[in-house]
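Please find below a short note for colleagues reviewing this entry.

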Amino acid sequence: MRVLVATDAWRPQVNGVVRSLEQMIAAAPGLGITARTLTPEGFHQVGLPSYPDIRLALATRRALAARIADFAPDHVHIATEGPIGWLTRAACLAEKRPFTTSYHTRFPQYVAARWPIPESWSYRLLRRFHGPAAAVMVSTGTVEEELRQHGFENLVRWGRGVDLSLFHPRSQSLLDLPRPIFLYVGRVAVEKNVEAFLSLTLPGSKVVVGDGPARADLARAFPEARFLGLKEGEELAGIYASSDVFVFPSLTDTFGIVLLEAAASGLPVAAFPVQGPRDVFAGSGAAVLDEDLRRAAMQALRVPRAACLELAARHSWAASAAQFYGHIRRVAREAGYLPREAEGSTAALTAFASGRGGEGRGLPRRLTA
């Protein structure tokens with residue numbers, strides 16, 4: 001099976017959307033799938049207003065349709081609502097080709113945080129974008145219910161995971177700072193509410209990992225905090241494991257992969273009791289959710305790290321990929337792009353999610369459509 005993933009979010013961006021899609025692309029061969037991305041790469045690009053680090057493609061529908069035709073996919077998944085997403089959607093509709101989409105970002109709330117635009121306008125635009133999709137993938141039940149209340153249909157669940165081989169407790173600390181160390185990892189932008197973390201009166205040290213349009217202003221306003229910039233791989237994993245509490249001040253995230261990365265590193269989480277943290281940590285004992293973020297941060301120091309590790313162990317990228325490609329196979333099969341015998345692949349996807357019946361780290365043998 002050949003799957004094309006169209007996305008405006010891709011390298012050099014570093015965020016949860018990019019990480020999720022990279023994991024799906026990496027998992028594809030083990031599921032008998034050839035996956036390719038359609039990204040802004042190769043097109044002229046401009047910076048997003050107020051956020052120049054995010055580059056938007058200046059593509060034409062004809063050029064984009066040619067790329068789709070060149071790959072000849074059995075299915076198209078549209079991951080984002082930017083120029084690439086809209087143009088891919090138009091091409092699929094013109095060809096009467098079924099497609100799936102995913103909802104990663106609460107754009108109505110993000111837009112309202114930056115400009116005086118009513119959330120209802122943004123939801124109307126998003127309903128138009130996702131309306132023709134055969135399935136709209138969402139990360140949690142809370143997001144699903146929220147979108148359903150705003151008139152969205154064809155919603156299905158696609159959970160997220162964490163790389164346990166990279167994010168885990170470590171014996172040596174990378175941070176030589178006064179303890180306790182309170183850490184934030186993510187985009188440094190107004191919609192992430194990072195100032196709420198930096199404004200807290202806390203003992204020890206505050207560390208911010210990440211970049212974004214608000215970084216310079218926040219660094220000037222809070223000189224006592226350590227801004228380490230963008231970190232990835234082993235260095236990022238080491239910083240998680242070197243900290244004492246992960247503080248997640250966002251009020252708008254649909255999930256927050258960084259929450260799982262923190263938990264896998266044995267790092268308890270302090271957050272507001274909002275969707276994202278509430279969905280990820282429900283009943284786990286691995287986080288303290290409180291309207292008083294300072295109180296949550298201080299109480300999180302007493303959270304047993306074993307609870308964090310137990311939570312993270314329940315979230316694998318293998319299970320996430322099984323859900324993702326399971327939805328895609330169903331849609332492609334119902335549309336006639338896959339033969340009915342492909343229904344047998346459901347069992348293999350289930351085995352992939354649970355680590356059964358495969359070769360090397362739980363990956364299954366190649367499937368056939």
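This is a predicted model: local features need pLDDT of at least 70, side-chain atom pairs count only at pLDDT 80 or more; totals for chains, interfaces and linings use all residues.

1. Helix 4, spanning residues 107-114, packs against helix 5, spanning residues 119-130, at an angle of about 140°. The two axes lie 8 Å apart. Angles over 145 degrees would count as roughly antiparallel; helix 4 and helix 5 are therefore oblique to each other. Their crossing is right-handed.

2. Helix 4 contributes Phe107, Pro108, Gln109, Val111 and Ala112 to this contact, while helix 5 contributes Glu119, Ser122, Tyr123 and Leu126. Sorted by class, the contact of helix 4 with helix 5 comprises 6 nonpolar, 2 polar and 1 charged residues.

3. The count of aromatic pairs comes to 7. One of them joins tyrosine 240 and phenylalanine 246, whose ring centres are 5.9 Å apart and whose planes stand at 40°, so the pair is tilted. Tyrosine 240 is buried, at 0% relative accessible area, and phenylalanine 246 is buried at 0% relative accessibility.

4. Phenylalanine 324 and tyrosine 325 form a pair with ring centres 4.9 Å apart. Their planes meet at 85°, so this pair is edge-to-face. Phenylalanine 324 has 0% relative accessibility and counts as buried; tyrosine 325 is buried, with a relative accessible area of 0%.

5. Which residues form one aromatic cluster? The members are Phe167, Tyr240, Phe246 and Phe248. Tyr240 and Phe246 are thus partners in the tilted pair and members of this cluster.

Methods:
Residues are numbered from 1 along each chain as its sequence is written. Side-chain values use heavy atoms; hydrogens and water are left out. Axes are lines fitted to C-alpha atoms, for helices over the stretch in contact, and angles run from 0 to 180 degrees between N-to-C directions. Helices (H or I, at least four residues) and strands (E, at least two) are DSSP runs, numbered from the N terminus. Angles under 35 degrees count as roughly parallel, over 145 as roughly antiparallel, 65 to 115 as roughly perpendicular and the rest as oblique. A crossing is left-handed if the near helix is turned anticlockwise from the far one by less than a right angle, and right-handed if clockwise. Contact means heavy atoms within 4.5 Å. Ala, Val, Leu, Ile, Met, Phe, Trp, Tyr, Cys and Pro count as nonpolar, Asp, Glu, Lys and Arg as charged, and the others, Gly among them, as polar. Rings of Phe, Tyr and Trp (its six-membered ring) pair if their centres lie within 6.5 Å; planes under 30 degrees apart count as stacked, over 60 as edge-to-face and the rest as tilted. Buried means under 20% relative accessible area, exposed over 50%, partly exposed in between (1.4 Å probe, protein chains only).
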